[in-house]
Each structure stands twice: as structure tokens, then as C-alpha cells.
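Thanks, everyone. I'll keep this short. Have a look at the model on the screen, and then I'll start with one residue.

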Amino acid sequence: MALTLYVDTERWRAHQQSVLQQFPGIVPVCKGNGYGFGHERLAEEATRFGSDVLAVGTTYEAARTKDFFSGDLLVLTPYRRNEEPVPLPDRVIRSVSSVEGVGLMRGARVVIEVMSSMKRHGVTPEDLGKLHAAIDEVRLEGFAIHLPLDRTDGSDAVDEVIGWMDRLRAARLPLHTMFVSHLHAEEFARLQQQFPQTRFRARIGTRLWLGDHAATEYRGAVLDVTPVAKGDRFGYRQQRAPGDGWLAVVAGGTSHGVGLESPKALQGMTSRAKGVARAGLATVNRNLSPFLWGGKQRWFAEPPHMQVSILFVPDDAPEPKVGEELVAQLRHTTTAVDRTVDR
């Protein structure tokens, strides 16, 4: 009785291949919770399609992943002075985002991040003149640029990369490899055509692993079903049942990520209105669960517990049975399942 991630493996791998063909030299990204699949599984997939490098989020993830993947590991979080040392093999490549960072990585394999319009971290145009001496002391694997997802100002992602290529060339810095993020396939192809001497390598996670929504499905097993009448008290807080129906105990609670949400960037009146409506309902203890039954998304009967959720299923819906499974609409990057099953 578990919260399960079902994977249509053939379809999932077909999608991976379509992305690989659009982005030759891809650097698959495996960070955080491994996009819901876990680091070990994604390392196996990257090995299976022959990737020579795998990008991970932190040095701690690199330490855990090195035993699952025999190629190079690119750590995306930039090196910082006084960070906790983590023993790593020489096949680990560190990202750096400052001249100081490059200077402190003497002898190491590094990728230098440039400051994009994200304004997150990276060397600035003013830093380029100081990089010459610093890169002589490291094994430079290339430069990298992390681009924003949305461009509300109408600017062009390719133009931003070209701008940095021009600055690096003017500073007489090596342009043999450029790591890029968040480019469309046609944008990636435009860059390859314009700079044939540079090897562009797209760092891709979400699009590679989660780009085909129909390839995966979460389901929570029904552990218990209890009939209730309107007004019956139940649960930790002894609330009253809103009507006749059933309380269904389903695998999947807060420890799995059920009921937990990260902030969203809302755009447009419709999404804002829905957000206001959800917030209003929550003030009267009405919270939609991610679980579907009888073709509808069902309400939490009370806030999810650590490993299970209790749902209210009204009597106009089919009665759930112990052992049946409810489809759950969960966010991959915040979900930890009990098991993954390949179909």
C-alpha cells in the first residue's frame, strides 16, 4: 500500500531520445530529488543513453551520485570560499562565478559562469580582464550562461548569448565550450550555426525528464474506507463531515510532499482569481487534495498526515475500495514516492 510513481518506460525513453536529437552534446541535469525519480535512476538513464557528463546540484549530491555514474560530474552550485570540503574524485567539475573563485580552484576542472539577465551569480564584463591570469592555474572546461525562462521585455535569448560570446572573444578568452540553459531547440541550432568553432552544451533537466507528462503517473493506494453521515465527527480535530459519504485513507502524506506547495509566479487575471479563491476556501478548512476519484479532484477531509491523507468522498461518487488506487496530480520536484514501477 504505497504512493507509487508509474513510468511508461518505453514512452519516457522515446521522449528522452527526441530531446537528445534536438540538443546534441546535452548535459543531463540530475539535482534536488532527481525530478521525482531519484539520482540513482537518472544516473542509470544517462549512462544508458551514453552521456559523458551528468550535472548535479551540489557537492553533496556529487558525493552521492559518483557511485552510480562513471562519467564526469558537473556541480552547478558555484564554489565559495570557506565552503565545507567534500571529498570528490578528479572527474568532478566545479562551477565558479567569480574571479576569486577561479583563483581558489588551482589545478581543478572548472566551468566559469557568466552573469546573465537572471542576475543570480556569475562573472561580470568588468571581471573579464582579470580572468587571464586566473585561468592559467585551472583546467578550464568552458564558460556557462544560465538564462531566464520568461522574457517579458521581448528580448532574445540568442542575442544575450551572442553578447557574451562577443565579450569573451574581445577579452581573448577561450571559446571552445559554452554551457547554456533554457534555450529552445531552434535557438540552440542558431548558436551552433553562428559559432561553428564553439561546442555548445545544453544543460537540461525538466524538459529531458518531465517533458512528456503522459509518460508518468502518481497513484496513492486506498488503505481504509469508513462511511460517515453528515455531521459525524472525525479526525485529529474532530471536525464534522460535510455530508453523507466516505472517509478514504490514501497513501501519500506530507513526508511524500502531498499538500506542500512552493510559491508560484502568477500571471494574468484568471490565475490570480483562482489563487484568491483557493486562499478564501482554505480559511474555512476547504482544501482540494491532489487525488482524483470518480473523475473529480477530491477535498482533503482534514490536513494531510505525515504518510497518509484522509479524503472526503461524497455519496454521489463511487465508493472507493481498499487496495484501489487514486491518481494524484503531484509536482515531481517536491514528491518523494514509496516506490517507482516501470510499466
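Proline 290: buried or exposed? The model is predicted, so that is what we are reading from. Proline 290 has a relative accessible area of 10%. The cut-off for buried is under 20%, so proline 290 counts as buried.

Where does it sit? Proline 290 is in strand 14, which covers residues 288-293. Next, what touches proline 290, leaving aside neighbours within four places in sequence? The contacts are Val258, Gln297, Phe300, Val327, Ala328, Gln329 and Leu330. Now take glycine 32. It is 258 residues from proline 290 along the chain. Their C-alpha atoms are separated by 22 Å.

On to the aromatics. The count is five aromatic pairs. Ring pairs join Trp12, Phe37, Phe49 and Trp209 in a cluster. There is also a charge over a ring: arginine 167 lies over the face of tryptophan 164. The distance to the ring centre is 4.9 Å.

Now the whole protein. It has nine helices and 18 strands. Its C-alpha atoms fill a box of roughly 75 × 45 × 40 Å along the principal axes. Of the 343 residues, 47% are buried. Take the contacts with a separation of 6 or more: 67% of them come from residues 24 or more positions apart.

Last, surface and charge. The accessible surface is about 17400 Å². Carbon and sulfur atoms hold 50% of that surface. There are 42 positive and 41 negative charges, and their mean positions are 3 Å apart.

Terms used. Residues numbered from 1 in each chain as written. Predicted model: local features only at pLDDT ≥ 70, side-chain atom pairs only at ≥ 80, totals over all residues. Heavy atoms only, no water. Helix = DSSP H or I, 4+ residues; strand = E, 2+ residues; numbered from the N terminus. Buried < 20%, exposed > 50% of the residue type's maximum accessible area, 1.4 Å probe, protein only. Contact = heavy atoms within 4.5 Å. Areas by Shrake-Rupley, 256 points an atom, 1.4 Å probe, with all protein chains shown as cover. Lys, Arg positive; Asp, Glu negative; His and termini not counted. Charge placed at Lys NZ, Arg CZ, Asp CG, Glu CD. Phe/Tyr/Trp six-rings, centres within 6.5 Å; stacked < 30°, edge-to-face > 60°. Lys NZ or Arg CZ within 6 Å of the ring centre and 35° of its normal.
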